[in-house]
Amino acid sequence: MRRFLWIASMVLIITSCNQQTEKTGYVNNTKVVSDFTEMKVAQEKWTKRNNEVRAELEEKAKQFQIEVQGYQNIMKSMSKANRDKKEQELMTKQQGLQREQQARMQEIQQGSQAEIDSIINKVKDFIKDYGKKNGYTYIYGDTDASNILYGKDELDLTDIIVKELNGEESSEDKE
C-alpha cells in the first residue's frame with residue numbers, strides 16, 4: 001500500500017511539474033491577418049488592379065454600346081442579309097467581351113487568393129516559429145467562430161504577434 005501511495009504521489013508531482021512548465025497563449029487569427037501590413041498592401045494592390053480592369057472593361061463596353069447604337073441608326077437602310085451579318089458580328093463581339101470580362105475577373109480572383117493564401121501561410125509559420133522560440137507548448141487560434149470562449153488577457157498574444165510580424169518591437173522583447 002505504501003508503495004502504491006509513493007508511486008501515486010510521484011505521478012502527481014511529475015504531472016504538476018509538467019503542467020507548470022507548459023506555456024500557452026492564443027491569437028485572434030482574423031486580427032493578426034488583417035492588421036499584418038503585408039496583407040494590407042496585398043489587398044490594396046488587388047483592389048487597385050480590380051478597379052483598373054473594371055474601368056478598362058467598362059470602356060470597352062461603352063465602345064461596344066456606341067457601335068450597337070450606330071448599327072441601330074442605320075439598320076433600316078440595310079438589306080436583310082447585311083443586317084443579319086452585322087447582328088451576328090455584334091453578337092460575337094458581345095460574347096467575346098463577356099468572355100474577356102469573366103477571364104480577367106477570374107485572373108484577379110485567383111491571383112488575389114494565391115497571394116492571400118501565401119500570406120496566411122506566412123503568418124501561420126511565423127506564429128509556429130514564435131511559439132517554438134518563446135517556449136510555448138500551445139498557441140491557440142481564435143476566429144470569428146470563437147473557438148476560444150474564454151482566455152486570460154495575459155495569454156492573448158495577438159498584439160505581440162502583429163507587432164513582430166510588422167517588424168515592430170514587442171513588449172515581450174523588452175522583458
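Biologist: What makes the contact of Glu100 with Lys60 a salt bridge?

Modeller: The closest N and O atoms of Glu100 and Lys60 are 2.7 Å apart. A salt bridge requires a side-chain nitrogen of Lys or Arg within 4 Å of a carboxyl oxygen of Asp or Glu, so the pair qualifies. The pair links distant parts of the chain, with Glu100 in helix α4 and Lys60 in helix α3, 40 residues apart. This is a predicted model, in which local features need pLDDT of at least 70 and side-chain atom pairs pLDDT 80 or more, while totals for chains, interfaces and linings use all residues. Residues are numbered from 1 along each chain as its sequence is written, and side-chain values use heavy atoms, without hydrogens and water.

Biologist: Why is Lys80 called exposed, and why is Asp84 called partly exposed?

Modeller: Buried means under 20% relative accessible area, exposed over 50%, and partly exposed in between (1.4 Å probe, protein chains only). Lys80 has 54% and is therefore exposed, whereas Asp84, at 36%, is partly exposed. Their side chains meet in a salt bridge at 3.2 Å, N to O.

Biologist: Why are α3 and α4 described as roughly antiparallel?

Modeller: The axes of α3 (residues 37-74) and α4 (residues 80-133) come within 10 Å and cross at roughly 180°. Angles under 35 degrees count as roughly parallel, over 145 as roughly antiparallel, 65 to 115 as roughly perpendicular and the rest as oblique. The two helices are therefore roughly antiparallel.

How values were computed: Axes are lines fitted to C-alpha atoms, for helices over the stretch in contact, and angles run from 0 to 180 degrees between N-to-C directions. Helices (H or I, at least four residues) and strands (E, at least two) are DSSP runs, numbered from the N terminus.
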